[in-house]
Amino acid sequence: GTEGTQTAVTSGDVLGYLKFRASDASAFEIGAQIRGEATDTFSGSARGAKLVFSTVDNDTTTLDDRMTIDHDGQVGIGEASPSSTLTVKSTTRAASINTAPVLHISQQPGSNEDWATMRFQTSTSYSNENWYIGARGDSSAATERKFAIANHDATELLVVDFNGAVHINETANTDMTTGLTINQGAADDMILAFKSSDV
C-alpha cells in the first residue's frame, strides 16, 4: 500500500530486520541478523509471525538461516519449519565440562542413515569406548525395524526386532518369530548362567 492507504501484510512478508554490520575496510557488511516474518495474512484477528536468526560462516560471505522460532513457539535449529517444541536438524551434543563423557543424538554414522541413535562417548575422540543405542523404524523391510545396542564400530551386540525376538551377538534368526537367540561365536564357556549370592 501507500502511506494512508494500507494493504494487509501477507504470509511470508518480512516485518523487519535487526542487522549486525561491521566494516571489511571498504564497506559495512552484515555478519548476523534477526528477521521477523509474517506467517498469517494480517487482519483484526490474525497476526501470526516468526523470528529467524541468521549468521555468516567463517571465511564466507553468505548469510544463512540458523534458527527459527515459529509462530507457535516451536524452535527449529537447522530446520525452517519445526514440527515439535524443539527440532534439531543435526547432531545434538551434550558434553561435560572436560568435553568427555559426551552424549550425541543423531543419525547413525556411515551408510546406515535411517537409524536414529544415541552415542555415548567416554573419551574426547572416537574409540573403543564409544557405544550406540539405536532404533530403525523407517526401513521399507519390516525385518529391519528394530532396536539395537552396538559398539564403537556399529557392530550390533543386542537386537530386539519388530516381532519382539531378542538376539545377542546376532541380528536375525529365520527359525524364530518371538524368542531369544544367543550366538556365542567362537567362545566355548557358559552360554547361559543363573547365579545366587548364597549358592
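Predicted model: local features only at pLDDT ≥ 70, side-chain atom pairs only at ≥ 80, totals over all residues.
Let's start with the overall make-up. How many helices and strands does the chain have? Zero helices and 14 strands. The chain has 199 residues, and 21% of them count as buried. As for the surface, the chain exposes about 13,500 Å², and carbon and sulfur atoms supply 53% of that area. On contacts: take those with a separation of 6 or more, and 14% of them come from residues 24 or more positions apart.

Six strands make an open sheet, in the order 1-2-3-4-5-6, with mixed pairing. Which strands stand at the edges? That would be strand 1, residues 14-23, and strand 6, residues 86-88. Each has a single partner strand, so one side of each is left without a neighbour in the sheet. Going from one strand to the next, the twist averages 20°.

Let me zoom in on strand 4, residues 63-69, and what sits on either side. With strand 3, residues 49-56, the pairing is antiparallel, and six bridges join the two. If you want a landmark there, Thr-55 stands opposite Asp-64 in strand 4. The two strands form a hairpin with six residues between them, and in that turn you'll find Asp-59 with a positive phi of about 60°.

On to strand 5, residues 75-77. Strand 4 pairs with strand 5 in the antiparallel sense too, over three bridges. Here, Met-67 is across from Ile-77 in strand 5, and Ile-69 has Val-75 as its bridge partner.

Last stop, the surface. Ile-105, Met-118, Phe-120 and Trp-131 together make a nonpolar patch of about 340 Å². Take Met-118 from that group: this residue is found in strand 9, residues 115-121. Is Met-118 buried or partly exposed? Its relative accessibility is 31%, so Met-118 counts as partly exposed.

Methods: Residues numbered from 1 in each chain as written. Heavy atoms only, no water. Patch = residues over 30% accessible without salt bridge, like charges linked within 9 Å, V, L, I, M, F, W, Y side chains within 5 Å. Areas by Shrake-Rupley, 256 points an atom, 1.4 Å probe, with all protein chains shown as cover. Salt bridge = Lys/Arg side-chain N within 4 Å of Asp/Glu carboxyl O. Helix = DSSP H or I, 4+ residues; strand = E, 2+ residues; numbered from the N terminus. Buried < 20%, exposed > 50% of the residue type's maximum accessible area, 1.4 Å probe, protein only. Contact = heavy atoms within 4.5 Å. Pairing = 2+ DSSP bridges. Axes fitted to C-alpha atoms, helices over the stretch in contact; angles between N-to-C directions.
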